[in-house]
Amino acid sequence: MKQEAIVAGKVALVGAGPGDPDLITLRGIECLEQADLVFYDVSARSVIDDHHFPLAKKIRRVVLSDSAEESACGREDLADRLIEAAEQGLFAVYLASGDSMVFGGGASLAKQLRAAGVVVEIVPGVLSALAVACYAEIPITHGLYASAVALVAAGEQVDALGGGPVDFAAMAGFPGTLVISLAGALVSDWVDVLLAAGKPADTPAAVVGRCSLPGQTTVRGTLATVPEVLAGGQVESPAVVVVGQVADLAPAASWFVSRPLFGKRIMVTRPREQAGDLAERLRDLGAEVLWQPAIEIVDPPDFGPLDRALADLQRYDWIVFSSVNGVKYFVDRLFARGGDIRRLGYSRIAAVGATTAEALGQYHVQVDRIPEYFRAEALADALVSEARGRRFLLVRASRGRQVLSERLSAAGADVHQVVAYTSRDVVEADPAVLESLDSGAVDWITVTSSAIAQALVRLFGERLRKTRLASISPITSQTLRELGFEPAVEASEYTAEGLLAAIVEGEAGSQG
């Protein structure tokens, strides 16, 4: 008979996957978006950070030991906290690394929740033990060598879950592949047991550390060499050991580690909400992305000038947008005042770059003029011939270069500039980013505007000499040089894609 819930809330146990935040399931994302309260393992933190769920979300961290942090709770308290949340009518999520039901203690947790009358949903996750098949290209089953797989937990994790010791002596005769997940200390006593029970010492083996993460490492050898690999620190935890003939079938370098920016740590300095595409492309190329916005974009201190311009759009022959932010704030304010995109029908439209033109295109606005080179000087060159006697509205940030306004005014245009948004420096860096910079662990910093260049120098100063700076344009490079910093590379096309291409080329050149 189906047990009726006696509390109003609900709990979901969600598997976060092996480490790459993109490997969480769509249902897992939905649960996190809908949750009132989220508990998560430290090792699953990247999912929270990368998908940047609303800051208003109540987050609690689950830790395996005592913590002085007010927001942390121990695993022994987890069931009580989840039950308490459900009794308050909340939807609570526990985000576990891997899959909560495999090596995760999820079955015991679900039993406790159900006993308290809580409705439970269990969302699967990708296990590291299975992800190695794809990310290290080790086919853990194979028609010729292995038609069965044993998933085994070894090390401190066994005791942490309350399970008994693994019978590795019996595992020695298993007719297939052993995929052994290690947690805590990388102990290898189990290798001696396998060898003593008759498992051949020359059985192929591969140790994969940090599977699906930028630091993934694979060391191939034999069962007899596994202890040396684990003791020598050649791979980082979490680690998985694959034992069986299939370990010999892996290529020297998998697709995952062969990407051009694999293992490189790159700092993205645009505001987070505007740098998603750049960060995604960097990850596609194998990089680890550090988020450290150098500037933040907020409302102008006074919407009055913009409102007056919006009320009088019919007087302008040209409206010029110099950035995606300008498009967004201009159109959002137009809509907020009850207008619609038809108000732009009196004017011709110009944009400094392709991304700005694309932002206008999202509102079905056709750009009449875009320069061949995405910089203000090039747009000025394209407009000066018809500037005399024409009225121009320049939609801009609170700070920036005046070259376009000066060139058009000199050519006889009536130029009106209006601030659509405020760009201001971030004054405090993430401590983790500072630590990475100080240790020399940041390979590249993206510098995508002169304002960002100036903000970075104020934020990090001489620390910037411990990494390489990638400039998006000659103007940005000039600003860096004036500040005393030489860019390592400069994009030949002044776009995010051009910047990526410059970094890839620079990285290839450094490897020589």
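Predicted model: local features only at pLDDT ≥ 70, side-chain atom pairs only at ≥ 80, totals over all residues.
Here, "buried" means under 20% relative accessible area, "exposed" means over 50%, and "partly exposed" is in between (1.4 Å probe, protein chains only). Residues are numbered from 1 along each chain as its sequence is written, and side-chain values use heavy atoms, with hydrogens and water left out.

**Aromatic pairs**

- Searching the whole structure turns up nine aromatic pairs (ring centres of Phe, Tyr or Trp, for Trp its six-membered ring, within 6.5 Å; planes under 30 degrees apart are stacked, over 60 edge-to-face, the rest tilted).
- One of them joins Y135 and F256 edge-to-face, at 4.8 Å centre to centre with 70° between the planes.
- That pair links distant parts of the chain, 121 residues apart: Y135 is in helix α5 (residues 128-135), and F256 is in the loop between β11 (239-243) and β12 (265-268). Helices (H or I, at least four residues) and strands (E, at least two) are DSSP runs, numbered from the N terminus.
- F256 is buried too, at 4% relative accessibility.
- Y135, W255, F256 and F262 make up one aromatic cluster.

**Charges over rings**

- R333 lies over the face of F303, 4.0 Å from the ring centre.
- K10 has its charged end over the ring of F91, 5.4 Å from the centre (the cut-offs are NZ of Lys or CZ of Arg within 6 Å of the ring centre and within 35 degrees of the ring normal).
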